[in-house]
Amino acid sequence: MKAYFFYTVFIFLFVSCNSQDKPKDTIMNSHTEKVQFYFYPSSGGEAIYEVDYNDGQITIENKEIPNVIFKKSFSKDENIKINEFTDKLRIAPNTTTEIILDSWRIELKINDIVYYNKSGVKMKDLPLEIKELLEYLIIGSTVKIDLYDFS
């Protein structure tokens with residue numbers, strides 16, 4: 001009876017300690033299913049440019065010019081890279097933005113959560129992590145995102 005008791009305790013401790021020794025890199029990162037960039041004229045209305053990554057597919061569209069659309073599928077390695085970019089990002093503490101006339105507003109959503117929303121910015125003004133993600137998503141695109149000046 002004592003041997004059975006010690007055997008049961010030994011197995012319990014072995015399984016318990018073994019489960020804690022797993023390397024940290026086996027912990028799954030969050031899976032990025034959707035990344036959406038919207039580029040709005042500050043005067044309001046619909047987005048002029050849309051970058052829509054949805055579960056391995058990218059669609060980039062210029063809404064001002066009909067049928068100006070770029071589509072591409074990402075490989076497994078490219079999807080992993082996108083997850084690495086999005087894992088670096090943090091939700092901005094304040095995602096409401098004031099309207100600055102004659103400028104652009106850029107909004108970034110990841111899995112339908114707003115991470116960035118700011119008016120009066122240009123591409124060069126984006127935070128580095130957001131800029132790197134955007135550049136990675138639009139690489140090779142035939143749709144050019146031109147944040148032109150307003151007159």
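Which residue lies over the face of Y40, and at what distance from the ring centre? R105 does, at 4.0 Å from the ring centre of Y40. A charge counts as over a ring if NZ of Lys or CZ of Arg is within 6 Å of the ring centre and within 35 degrees of the ring normal.

Some ground rules. This is a predicted model, where local features need pLDDT of at least 70 and side-chain atom pairs count only at pLDDT 80 or more, while totals for chains, interfaces and linings use all residues. Residues are numbered from 1 along each chain as its sequence is written, and side-chain values use heavy atoms, with hydrogens and water left out.

Now the sheet. Its order is β4-β3-β2-β1-β5-β6: 6 strands, open, with antiparallel pairing. The edge strands, β4 (68-73) and β6 (113-119), each pair on one side only. On average, neighbouring strands are turned by 10 degrees against each other, direction ignored. On terms: helices (H or I, at least four residues) and strands (E, at least two) are DSSP runs numbered from the N terminus, and two strands pair if DSSP finds at least two bridges between them.

Next, two of the pairings. Strand β2, residues 49-54, is joined to the antiparallel β3, residues 57-62, by 6 bridges; N54 has Q57 in β3 as its bridge partner. β5 and β6 also pair over 6 bridges, with I110 bridged to I113 in β6. These two strands form a hairpin with 2 residues between them, and N111 in the turn has a positive phi of about 50 degrees.

Helix α3 (residues 128-138) lies across β1, β2, β3, β5 and β6, at about 100 degrees to β1. Axes are lines fitted to C-alpha atoms, for helices over the stretch in contact (heavy atoms within 4.5 Å), and angles run from 0 to 180 degrees between N-to-C directions.

Last, the aromatic rings. Rings of Phe, Tyr and Trp (its six-membered ring) pair if their centres lie within 6.5 Å; planes under 30 degrees apart are stacked, over 60 edge-to-face, the rest tilted. The count is 8 aromatic pairs. F39 and Y49 are edge-to-face because their planes stand at 80 degrees, with centres 6.3 Å apart. F39 is in strand β1 and Y49 in strand β2, 10 residues apart. Both are buried, meaning under 20% relative accessible area with a 1.4 Å probe, protein chains only; exposed is over 50%, partly exposed in between. Y53 and F74 are also edge-to-face, at 5.7 Å and 65 degrees.
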